[in-house]
Amino acid sequence: MKKLLLLLCAGVITTGYAQQETFKGKFEQLGQMLPTPNEYRTGSGAPGPNYWQQRADYDIDVTLDDKNQRITGKETITYFNNSPDALTYLWLQLDQNVREQNTNTLKTSTNNMEDSLSAKSAASRFGMTDYDGGFKIQSLTDAAGKKLPYTVNKTMMRVDLEEPLKSGENFSFNVEWYYNINDRMELGGRSGYEYFPEDDNYVYTIAQFFPRMCVYDDYEGWQNKQFLGSGEFTLSFGNYKVNITAPSDHIIASTGTLQNAKDVLTKTEIERFESAKKSFDKPVIIVTQAEAEAKEKTKSTKTSTWSFHAENVRDFAFASSRKFIWDAQAVKVGNKTPLAMSFYPKEGNPLWEQESTKAVKATLETYSKYTIDYPYPVAISVHAASIGMEYPMICFNFGRPNPDGTVSDRTKYGMIGVIIHEVGHNFFPMIINSDERQWTWMDEGLNTFVQYRTEVEQYDNFPSRRGPAANIVDYMKGDKEFIRPIMTNSEQIIQFGANAYAKPATALNILRETIMGPELFDAAFKEYATRWAFKNPKPADFFRTMEDASAVDLDWFWNGWFYTVDNVNVSVDEVKWFKMRTEDVQIENKGKKVKKGDLSASADNSEMMDFSNGPQPFSLVDTEASAYREFQNRVDDKAIMQKFENKNFYEIKFVNKGGLVMPIIVEFTFADGTKTIEKIPAEIWRKNEKEVTKVFYFDKEVTNVVLDPNFETADTDVSDNVFPRKKEVSKFDEFKGKSGK
Ligand SMILES: [Zn+2]
């Protein structure tokens, strides 16, 4: 009994404490939540005076085995330690190991039984496949060929150094490996092969195909968080020399610039390629569909080696097939003329020859405007069923017409959208190189935002999925148990697309259109891109730069949209209409207290609000002499009163039900049918985050008040945004109305 009483008391105390916590401080500065600025990353959001980053150069030779679907490779990595620290070991990422049998990805995936399951999905769900995936490391040696000790921990590999690698030094070592390429259509994956049974050929899209250096930085040390499948790749910049050996009738699309065209292309192909470099208005076909179809049948048994060089990239990928049709054109970006190129099997046509390279060009133009001029020599879109995945200069995109060549709008716009998105990833994160393993929104969210700008600016009436505020409402008002803040590690995110793509993209769109305005937003966004191009930004660097370059305090916005799962739900709770008394106010109302009036028939019932009772009078009285100090000028009471005469005053109470503070946008409709919109910054909420009251005045009489009339703020319940309230149509009436028509 005593124990119980004690427990009860404890309960009361806890509750009491919780109830005291009323002020949430949505406008408090993020100060304590962001990392302390230092010599590497400044308080302004720019790289600091001693900012450093590591560099990793790769010389790679790989062979694509088209008979056994296998990649065999050897590489020399030269790692430059630009950090102030001595390193006793190096970490590499072995992403292919996510496909090992018994991987942690499979072990930690949750699943359940179902009444009926397709054999294919059951096999992949329970890992019952014969596929033997993962890197098979054959050797690891230093520059002299001496074996180096290494330890593989799932998707990570530690290489122990005999001597610490000191600051400013570099270290070269060699790795040999092979792995079996995954059937992408059966096992999924960002890379792999697709088999075409009709002509017995493959399209290979090859990525994460070599052991890659982990990032070591000032913020995290080694970023060696295990790859489980969601958190993508965090990589250092470097220069690549890659030789790819494949069947000699294959066409290879790759990161970088082809070094030996004369060894691997026909004379005609080279001529067409050269003319593509001068074609700015439309693509030139370098390998035609007829030529590709002819190769599908003959199947060369010889091999050729394609040599590619790429400078200052954070990764390398390629695609290879004898099925590839290839087109290219030049794009004018600042003082550069990169090539926009597409590679696709006949199964992609006619859609791909019409839309792919065009979309690549559109992307380079719009993204360059919002960020930096596209710095690489090529940008490539490769047709790959079912996926969209990005690498430097090259990406793999879905969008396949029906077998008869017809295309639904859904396929067409889906394909254009994914090409813009994946080519756009060249900017985020391939150039503005954020930590994808930690923060998905930093590349996906920012990229989806500029994707939306590209769709709006380069296409007529593009059916954009992500960007417009109204499109995020369903997600925002969903059950909060299934929503995570944007600032959540990639592997813990649920509702991945909405969380890391749509919500941050929408937030940025709202920031641009409604909060900052395009001029301030665009300049700040471009500043962020310019500061962090070819560097490794963190969230705080973005948050700080957007404020630093615009003089708009956005801490409340980052706090609400990025750190919480609150939503926007503001209501127009009360509207009161006032007019000044027209009788001789100076005498009659002198000294009288001004009374507030309520327009509603029954003042205590806010459901019944309308304007039918007419305005409530209020009085304006002479300013008392005591209000003035000695020698202070007297105001002209009469002149003020004249200004007030015949004006309509509307006192509106706004209630914040959703939690997110946002600008208040109110549309007033007047008796003569005209409208006006008042925009009030979010700071109106800074002293009371729950409800605010504000008076508006007009010459004309207001008949209608609408909050957020153009659906700019993602308000999750617009039924309480209007005054007078619309009579709610009951579900039954709605049904009756529908069935009657
Ligand atoms: Zn993406």
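Glu689 counts as buried in this predicted model, because its relative accessibility is 9% and the cut-off for buried is under 20%. You will find Glu689 in the loop between β28 (675–680) and β29 (691–698).

Asp281 sits in the loop between α6 (267–276) and β16 (284–287). Is Asp281 buried or exposed? Asp281 counts as exposed, because its relative accessibility is 66% and exposed means over 50%. Asp281 is 74 residues from Glu355 in sequence, with 13 Å between their C-alpha atoms.

Now turn to the zinc ion. Which atoms coordinate the zinc ion? The donors are NE2 of His421, NE2 of His425 and two OE atoms of Glu444, at 1.9 to 2.6 Å. Along the chain, these donors follow the spacing H-x3-H-x18-E. The pair His421 and Glu444 links distant parts of the chain: His421 belongs to helix α9 (residues 409–424) and Glu444 to helix α11 (residues 441–458), with the two 23 residues apart. Both of these residues can be checked for burial. His421 is buried, because its relative accessible area is 6%, and Glu444 is buried, because its value is 3%.

If you plan to look at the geometry of the site, note the angles. The four donor atoms make angles of 55 to 150 degrees at the zinc ion, and the site is irregular. The site does not count as tetrahedral because that label needs all angles between 85 and 135 degrees, whereas the angles here run from 55 to 150 degrees.

Phe428 and Pro429 are joined by a cis peptide bond, with omega at about 15 degrees. Pro429 lies in helix α10 (residues 426–431). A cis peptide bond also joins Phe723 and Pro724, where omega is about -5 degrees. Pro724 is placed in the loop between β31 (722–723) and α19 (731–740).

Gln208 has a phi near 45 degrees and lies in the loop between β9 (201–206) and β10 (212–213). Ala551 has a positive phi of about 60 degrees and lies in the loop between α15 (539–548) and α16 (555–563).

For a residue within a strand, go to Thr72 in strand β2 (residues 70–80). How exposed is Thr72? Thr72 counts as partly exposed, because its relative accessibility is 39% and this class lies between the cut-offs of 20% and 50%. Setting aside neighbours within four places in sequence, Thr72 is in contact with Asp61, Val62, Thr63, Trp177 and Tyr178. For a sense of span, draw a line from Thr72 to Pro663: the two are 591 residues apart along the chain, and their C-alpha atoms are separated by 57 Å.

Finally, zoom out to the protein chain as a whole. The chain holds 19 helices and 31 strands, and its C-alpha atoms fill a box of roughly 105 × 70 × 65 Å along the principal axes. Of its 741 residues, 53% are buried.

The surface and the charges complete the tour. The accessible surface of the protein chain is about 34300 Å², and carbon and sulfur atoms account for 50% of this area. There are 89 positive and 106 negative side chains, and the centres of these two sets lie 1 Å apart.

Key
Residues numbered from 1 in each chain as written. Predicted model: local features only at pLDDT ≥ 70, side-chain atom pairs only at ≥ 80, totals over all residues. Heavy atoms only, no water. Helix = DSSP H or I, 4+ residues; strand = E, 2+ residues; numbered from the N terminus. Buried < 20%, exposed > 50% of the residue type's maximum accessible area, 1.4 Å probe, protein only. Areas by Shrake-Rupley, 256 points an atom, 1.4 Å probe, with all protein chains shown as cover. Lys, Arg positive; Asp, Glu negative; His and termini not counted. Charge placed at Lys NZ, Arg CZ, Asp CG, Glu CD. Donors = N, O, S within 2.8 Å, 3.2 Å for Na, K, Ca; no water. Tetrahedral: all angles 85-135°; square planar, octahedral: opposite > 155°, others 65-115°. Contact = heavy atoms within 4.5 Å.
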